[in-house]
Amino acid sequence: MKKFVSKNSGSVALISVLIIAAFTILIVLAMSEVNISTSYEYFNNSENKTAYYAAESCLEEAVIRLEDDPAFNSGTITFDASTSCNISIANNQILIEVTHLDFAQNYHADISLSSNGQANNVKLLNWYEYF
């Protein structure tokens, strides 16, 4: 009878170790998933800010060009190898398309020019992105 009890207790210990190892692996995988999701969220937020600031720069450039030349209606600005901006102006609206890391985001701003050619109340109004 002693032999049977000692053999049985060894298998219980082995099964307990396997169950604890399985729970440990599940916890580690869950923590890794949270970490990866947080990293992607940070990266996307950072890239969205980059695109938005590029759009603001394009808007300022469009206003400067429009104040210098009221006939200005389109142009392209390249910031670096991964970021560029297309500007088009029609019906007192400045339409801006920012391409950053193969994603494009569109912005628009309303503009009004005073009689002396100065732009008033110009700001980015809204945006949407497409792939």
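Start by selecting Cys 58 and Cys 85: a disulfide joins the two, with an S to S distance of 1.9 Å. The pair ties together distant parts of the chain, since Cys 58 sits in helix α1 and Cys 85 in strand β2 (residues 83–90), 27 residues apart. This model is predicted, and the structure holds 1 disulfide.

Stay on these two residues and show the surface. Cys 58 has 0% relative accessibility, so it counts as buried. Cys 85 has a relative accessible area of 1% and is buried; the cut-off for buried is under 20%.

Next, select Tyr 52 and Tyr 53. A search of the whole structure finds 1 aromatic pair. The ring centres of Tyr 52 and Tyr 53 are 6.0 Å apart and the planes stand at 65 degrees, so the pair is edge-to-face; the angle for that class is over 60 degrees. Tyr 52 counts as partly exposed because its relative accessibility is 31%.

Now go to Ile 15, which is found in helix α1 (residues 2–68).

Last, colour the chain by pLDDT. The mean for the chain is 79, and 78% of the residues reach 70 or more. Select strand β1 (residues 74–80), where confidence is highest, at a mean of 88. Then select strand β5 (residues 119–130), where confidence is lowest, at a mean of 59. Where pLDDT is low, the predicted coordinates should not be read in detail.

Methods. Residues numbered from 1 in each chain as written. Predicted model: local features only at pLDDT ≥ 70, side-chain atom pairs only at ≥ 80, totals over all residues. Heavy atoms only, no water. Helix = DSSP H or I, 4+ residues; strand = E, 2+ residues; numbered from the N terminus. Phe/Tyr/Trp six-rings, centres within 6.5 Å; stacked < 30°, edge-to-face > 60°. Buried < 20%, exposed > 50% of the residue type's maximum accessible area, 1.4 Å probe, protein only. pLDDT = per-residue confidence, 0-100. Disulfide = S-S within 2.5 Å.
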